[in-house]
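Have the sequence and the 3D view ready.

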Amino acid sequence: MTLTSDPAATASDAAAFSTLRSDFYGFEDLLPEHEKTALAGLRSYLEAEVKPVVNGAWEKAEFPREILPGLHRQPVFGMQWDETKTFENSAVYRGWVALELARVDASVATYVGVQNGLAMGAIGVAGSPEQRAEWLPKLASGELIGAFGLTEPLSGSDSAQGLRTVARRDGDDWILDGAKRWIGNATFSDVTVIWARKADDGQVTGFIVPNDTPGFTATKIENKQSLRIVQNADIVLEGVRVPERLRLQNANTFRDTAAVLRLTRAEVAWAAVGNSIGAYEAALKYATERQQFGKPIAAHQLVQDLLAKSIGNITASIAMVTRVSQMLDHGTQRDEHAALAKAYATARMRETVAWAREAMGGNGIVLDYDVARHFADAEALYSYEGTREMNTLIVGKAITGQSAFV
Ligand SMILES: Cc1cc2nc3c(=O)[nH]c(=O)nc-3n(C[C@H](O)[C@H](O)[C@H](O)COP(=O)(O)OP(=O)(O)OC[C@H]3O[C@@H](n4cnc5c(N)ncnc54)[C@H](O)[C@@H]3O)c2cc1C
């Protein structure tokens, strides 16, 4: 997808949204003009079309599917997964996209992360050229919705060793049996990439499973209090028959699964910064409007302390995620670099959303003021795509040479 594909991205958008106020040191200026213009168009689209619907959707715990056609016209999808596997846009730009999405709503950022990063990423990284050509354009356009099924009821952080879903060869087909948990988008996806252990050699491989295959059942996880808009599913696989042509042809060991996660982990760090900014900007606006003791609460020193600490967290995190994505662009990023960024940015996010909520007093817990949603959504970002503990252990192993996983 080219960055000029959205007709709404005009020069006037760029002028109106040319700088993000919360980008205190101006990191966005490191982007080339065409990427800045694309982001400006995305920003104005999200403010106009997505922001007005997210609190209502969050309250009802429903995904606002009416936004999908417009969202899929944005310069967001498919950028890194064209059939040639070349990167049309920089990783730094893709990070900014994740930030802008989460700044308005972390659930919408998660939808994109699953569709564009995990589902399309799995096919982009581990699919054959024929599989990439068949599936990626339809997923990029939104004609098909995808999901990514790795986590299981009995296996989360230890999925490399603990994966229990099994794939048995039967002639030209495979038979899948097992269960998955937490699978985003899977209640309405058309296809789900299912990771399973082969019965013959114990190695992990992936399958593009159409959700209407007999034996495949996806049930929505109810009563979530974080990312309520994201539709996470429990999946049961009972004798699900999948032809060999739907097995990801280059998924031969768990290392190939990990290669997908490696590409998306830093983008979750960017989304954490976006979620922090969404909360901070709502609190800043409120603080300049709300009067107590005869002046705006923004004029009280202790409120300024909350806001100044928040912009410090945001600025330090943008610096870190910018550099880690530059390293991906330059081919020097390693697992521990992305792991440190994810652990650090999500930990700073948890502080920042709490300070934003504090600055708003009672209204900080009312959905209408936005901060309550960013506050609650921080918890899921903190845990998915590797918990802080798992990412810390990856960093710990890199800096000490000692593995402390078990
Ligand atoms: C909203 C949401 C969306 C998700 N979307 C998807 C998706 O689309 N697809 C998918 O496959 N998965 C998805 N996940 C799953 C997610 O990746 C897992 O929740 C995550 O990997 C953690 O696994 P777990 O929840 O089973 O926790 P566990 O692995 O059970 O961990 C529980 C706690 O124990 C800690 N712990 C575990 N082992 C160790 C250790 N060795 N040392 C120290 N601490 C340890 C963990 O850090 C954590 O604090 C999603 C999760 C959420 C919440």
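## The second largest pocket

The second largest pocket holds about 480 Å³ of space. A pocket is an open set of points on a 1 Å grid over the protein atoms alone, where a 1.4 Å probe fits, with protein on both sides within 12 Å along at least five of seven lines; lining residues have an atom within 4 Å of a point. Grid points are joined across faces, edges and corners, and the volume is the space filled by probe spheres set on the points. The lining has 20 residues, and the closest to the pocket centre are Lys51, Gly278, Glu281, Ala282 and Lys285.

Helix H8 (254-289) gives the most to this lining, with eight residues. Helices H2 (33-60), H4 (91-104) and H11 also supply at least two residues each. Helices are DSSP runs of H or I with at least four residues, strands are E runs with at least two, and both are numbered from the N terminus. By class, the lining has six nonpolar, four polar and 10 charged residues. Here Ala, Val, Leu, Ile, Met, Phe, Trp, Tyr, Cys and Pro count as nonpolar, Asp, Glu, Lys and Arg as charged, and the others, Gly among them, as polar. Domain 1 (11-141) and domain 3 (255-400) each give at least three lining residues. Domain bounds come from an automatic or database assignment.

## How the model is read

This is a predicted model: local features need pLDDT of at least 70, side-chain atom pairs count only at pLDDT 80 or more, and totals for chains, interfaces and linings use all residues. Residues are numbered from 1 along each chain as its sequence is written, and side-chain values use heavy atoms, with hydrogens and water left out.

## The ligand site

The ligand is surrounded by 18 residues, each with a heavy atom within 4 Å of the ligand. The closest are Phe148, Thr151, Ser157, Thr387 and Glu389. Nine of the shell residues are nonpolar, seven polar and two charged. Domain 2 (146-253) and domain 3 (255-400) both give residues to the shell, so the ligand lies between them.

A polar side-chain atom of Ser157 lies 2.7 Å from a ligand oxygen atom. A backbone N or O atom of Leu150 lies 2.9 Å from an oxygen atom of the ligand.

## Thr400

Thr400 is found in helix H12. A polar atom of its side chain lies 2.7 Å from the backbone oxygen of Gly396. The C-alpha atoms of Thr400 and Ser159 are separated by 24 Å.

Conventions
A polar contact is a pair of N or O atoms within 3.5 Å; within protein, one must be able to donate a hydrogen and the other to accept it, and residues adjacent in sequence count only if both atoms are side-chain atoms.
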